[in-house]
Every structure is written in structure tokens, then in C-alpha cells.
Amino acid sequence: MASVRVAVRVRPMNRREKDLTAKCIIEMQGTKTSITNLKIPDGITGDSMRERIKTFTYDFSYDSADCKSSSFVSQEKVFRDLGSDVLKAAFEGYNACIFAYGQTGSGKSYTMMGNPGDAGLIPRICEGLFSRIAGATRWDEASFRTEVSYLEIYNERVRDLLRRKSTQTYNLRVREHPKDGPYVEDLSKHLVQNYSDVEELMEAGNINRTTASTGMNDVSSRSHAIFTINFTQAKFDAEMPSETVSKIHLVDLAGSERADATGATGVRLKEGGNINKSLVTLGNVISAL
């Protein structure tokens with residue numbers, strides 16, 4: 001499996017876009033995604049023709065714009081392509097990360113969390129993990145321990161989404177462990193025995209997450225949310241006890257935005273500035289990788 005893979009996804013039009021009779025300018029075929037620039041008149045030949053339609057190639061191109069279309073890509077298909085490899089890596093002892101990046105309102109939370117009755121990547125990965133544990137326990141002598149944590153980064157501050165509000169700390173510190181790498185000091189970890197335990201914690205964390213209405217998204221995520229699964233396998237290898245620890249980071253990023261497009265002022269403007277600043281830094285990290 002490649003160290004970094006990129007998938008692009010088109011979501012269905014929302015009510016606001018339908019009211020504006022917006023037109024879909026994205027076309028997908030295989031791994032290629034084409035974008036049409038409507039400002040350039042159709043039928044013009046020559047050099048400018050190349051500018052009207054631009055095509056990009058990704059590892060995956062998912063067309064989820066119209067559920068009635070034959071090319072429609074479901075949440076299950078996204079999980080099979082992306083989530084199953086993450087689970088495989090975890091059982092092999094590797095750390096893995098999936099994150100959704102894009103403009104505000106582009107469908108990141110839908111892809112990561114999903115809707116009622118149409119679960120996204122995070123619930124499906126958690127459910128798949130416990131299904132695999134149940135299967136492995138039947139045939140293997142290994143024992144498994146699963147812990148989860150859930151945090152948000154809001155205005156450059158780290159907050160634990162799974163702590164009670166009475167004990168809430170709004171500025172947890174990020175530290176570096178010489179062996180385990182970066183970690184968040186005093187972040188709570190919760191032992192889970194099955195998917196129902198995870199679901200309960202996930203719902204509690206989502207309720208605590210910071211959202212707000214903007215000019216482009218009625219329920220815009222104003223923070224980066226990181227759901228982490230700490231997965232430990234203990235077994236005997238050549239009659240010697242061994243332990244394998246892996247982490248799965250599942251990240252729903254806040255959306256990048258332009259202040260004039262969202263109509264942001266005051267608090268919303270400050271939030272947007274911090275969101276964009278952190279996303280630029282993330283881009284630098286990915287370029288370095």
C-alpha cells in the first residue's frame with residue numbers, strides 16, 4: 001500500500017444550490033476528474049480550449065452527486081477502497097490516518113461521519129475493527145485491547161470532546177514522547193468492548209463539537225476533529241509474549257474558506273483565519289511527506 005493516497009469526492013447538491021439552479025461542472029471517469037470553467041465560452045478552439053476543461057488524476061475519483069446515476073459511489077464503496085486498507089494496516093501493527101480536506105460545505109463531515117442510516121468512514125472503520133476482532137478471537141490465541149479518544153482543535157487550542165463539561169480543559173498541551181512521538185497531555189482514553197461503546201462516545205463527542213452557520217454552510221464545522229483508536233494486540237510468538245500497538249487517526253478537518261464568500265465577521269472571521277492558517281501548515285507537512 002502506498003504511503004499517501006488521495007481520493008476526491010463530489011457530494012450531492014444541497015438545497016441552497018438547487019434553489020440557485022446551480023450546474024454541476026465536475027465530470028469523473030475512472031481515476032480522472034475534469035472541471036469545466038463556464039466563464040470560457042463553449043466551442044472555442046485553440047489554446048483557450050485547454051483552459052475550459054482541466055483534468056486531474058487521483059488514486060480514486062468518487063462521483064456521489066446523483067444517487068440515481070449508474071456511476072454513483074456509495075459510502076460502502078468508499079469504505080471498501082479506503083477503510084479496509086486502514087484496518088489491515090492496524091492488524092499488521094502500522095499506524096494509519098484518514099482525513100477529509102476541502103472547502104467549507106464540500107461534504108467532509110458527510111464522508112467521515114455520514115448521516116443517520118448512511119454511515120461514513122469513521123463508524124464503518126470502527127464497526128469493521130470489532131468484526132475483525134471477533135473473527136480473529138475465534139481462531140487465534142491473541143487478545144485485543146481497544147481505546148478511543150476524541151479531540152478538537154479550535155482557534156489553535158486543543159479540547160477533549162469526551163470529558164464532562166464540569167471537568168473540561170480548553171487548552172490541552174501537545175507534547176513529544178521520545179518513543180511514541182507526539183501526544184496530547186491529559187487527553188482522556190476510553191476503553192471500548194464493542195461498536196456500541198464506540199457509537200455512544202462518538203455521539204457524545206459530536207454533540208460537544210464546535211459548529212456554526214455561515215454564508216456557505218448552515219452547520220459548518222469550526223474546528224478540526226480527530227478521532228483516535230489505540231489498538232493493542234497481545235499474543236505469544238515462539239512461546240514469548242509480544243505486544244503490537246497501532247493507532248488509527250480519523251480526522252474531519254474544518255473547511256477552508258474565503259471571508260467574502262462566507263460573509264464572516266467578528267468571531268467567525270477569527271475562526272476562519274485560524275482554520276486557514278492551520279490548513280496551510282498541513283499542506284506543508286504533506287509536501288514534506
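## A friendly look at selected residues

There are zero disulfides in this structure. A disulfide is a covalent bond between the sulfur atoms of two cysteines, and a pair of cysteine sulfur atoms counts as one if they lie within 2.5 Å.

Before going further, note that this is a predicted model, where local features need pLDDT of at least 70, side-chain atom pairs count only at pLDDT 80 or more, and totals for chains, interfaces and linings use all residues. Residues are numbered from 1 along each chain as its sequence is written, and side-chain values use heavy atoms, with hydrogens and water left out.

Here is how the accessibility words work: buried means under 20% relative accessible area, exposed means over 50%, and partly exposed lies in between (1.4 Å probe, protein chains only). The table lists some residues with their values.

| Residue | Relative accessible area | Class |
|---|---|---|
| Cys24 | 42% | partly exposed |
| Cys97 | 45% | partly exposed |
| Thr21 | 68% | exposed |
| Glu156 | 44% | partly exposed |
| Ser34 | 18% | buried |

Let's visit Ser34. You can find Ser34 in strand β3, which covers residues 32-36. Helices (H or I, at least four residues) and strands (E, at least two) are DSSP runs, numbered from the N terminus. Which residues does Ser34 touch, leaving aside its neighbours within four places in sequence? They are Ile25, Ile26, Glu27, Ile53, Lys54 and Thr55, where contact means heavy atoms within 4.5 Å. With Thr55, the side chain of Ser34 also makes a side-chain polar contact of 2.9 Å. A polar contact is a pair of N or O atoms within 3.5 Å; within protein, one must be able to donate a hydrogen and the other to accept it, and residues adjacent in sequence count only if both atoms are side-chain atoms.

Next come the aromatic rings. Rings of Phe, Tyr and Trp (its six-membered ring) pair if their centres lie within 6.5 Å; planes under 30 degrees apart count as stacked, over 60 as edge-to-face and the rest as tilted. By this rule there are five aromatic pairs. One of them is the stacked pair of Phe60 and Tyr62, with 5.7 Å centre to centre and 10° between the planes. Both Phe60 and Tyr62 are buried. Elsewhere, Phe91, Phe144 and Phe231 form one aromatic cluster.

Finally, look at the backbone. Most residues other than glycine have a negative phi. Thr21, not a glycine, has a positive phi of about 50°, and sits in the loop between α1 (15-19) and β2 (26-29). Glu156 has a positive phi near 70°, and belongs to the loop between β9 (143-154) and β10 (157-160).
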